[in-house]
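Q: I have a model open and would like to learn to read it feature by feature. Where do we begin?

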Amino acid sequence: MFVPPPVEAAVTVPPPQLPDPPIYREMMRTWTDRGRTVPGRHDPEWARLAAPWRGFGRFSASPAPRGGGR
């Protein structure tokens, strides 16, 4: 008869996070200084582009009548 191990024994511990090599830290610092997107950091432009669409409320209507020969 098979008896599964207790749930506590099945919990795994994630591996420790190793620091980035110096060349990558320098590259990320350079990109950040130049205003570029860096992995793992908040990107306001991406957040704006990926946000849910809010409809036409932010735009004004065209002054031309609908079907006005355009």
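**Reading the helices**

A: At 1.5 Å a residue, the 12 residues of α2 should span 16 Å. The end C-alpha atoms of α2 are 16 Å apart, which agrees. Keep in mind that this is a predicted model.

Q: How many helices and strands does the protein have?
A: Count the elements, then read their order. The protein has 3 helices and 0 strands. Along the sequence the pattern is α-α-α.

Q: Which element has the lowest mean pLDDT, and which the highest?
A: Confidence comes before detail. Where pLDDT is low, the predicted coordinates should not be read in detail. Helix α1, residues 7-10, has the lowest mean pLDDT among the elements, at 62. Helix α2 has the highest, at 90. The protein averages 79. Of the residues, 73% score at least 70.

Q: What share of the residues counts as buried?
A: Burial is read from relative accessible area, with under 20% as the cut-off. Of the 70 residues of the protein, 4% count as buried. The accessible surface comes to about 7400 Å². Carbon and sulfur atoms hold 61% of that surface.

Q: Which residue forms a salt bridge with R29?
A: For a salt bridge, look for a side-chain nitrogen of Lys or Arg within 4 Å of a carboxyl oxygen of Asp or Glu. The partner of R29 is E26. Their closest N and O atoms are 2.5 Å apart. The count by this rule comes to 1 salt bridge.

Q: How many residues apart are R29 and E26 in helix α2?
A: Check the spacing along the helix. R29 and E26 are 3 residues apart in α2, residues 22-33, so about one helical turn separates them.

Q: Are R29 and E26 buried, partly exposed or exposed?
A: Take each side of the pair in turn. R29 is partly exposed, with a relative accessible area of 46%. E26 also counts as partly exposed, at 42%.

Q: What does M28 touch, beyond residues up to four places away in sequence?
A: M28 lies in helix α2. M28 touches D20, V38, P39 and R41. M28 and P39 are 11 residues apart along the chain. Their C-alpha atoms are separated by 8.6 Å.

Definitions and conventions:
Residues are numbered from 1 along each chain as its sequence is written. This is a predicted model: local features need pLDDT of at least 70, side-chain atom pairs count only at pLDDT 80 or more; totals for chains, interfaces and linings use all residues. Side-chain values use heavy atoms; hydrogens and water are left out. Helices (H or I, at least four residues) and strands (E, at least two) are DSSP runs, numbered from the N terminus. Buried means under 20% relative accessible area, exposed over 50%, partly exposed in between (1.4 Å probe, protein chains only). Accessible areas come from the Shrake-Rupley method with a 1.4 Å probe; for residues, only the protein chains shown count as cover. The expected span of a helix is 1.5 Å times one less than its number of residues. pLDDT is the predictor's confidence in each residue, from 0 to 100. Contact means heavy atoms within 4.5 Å.
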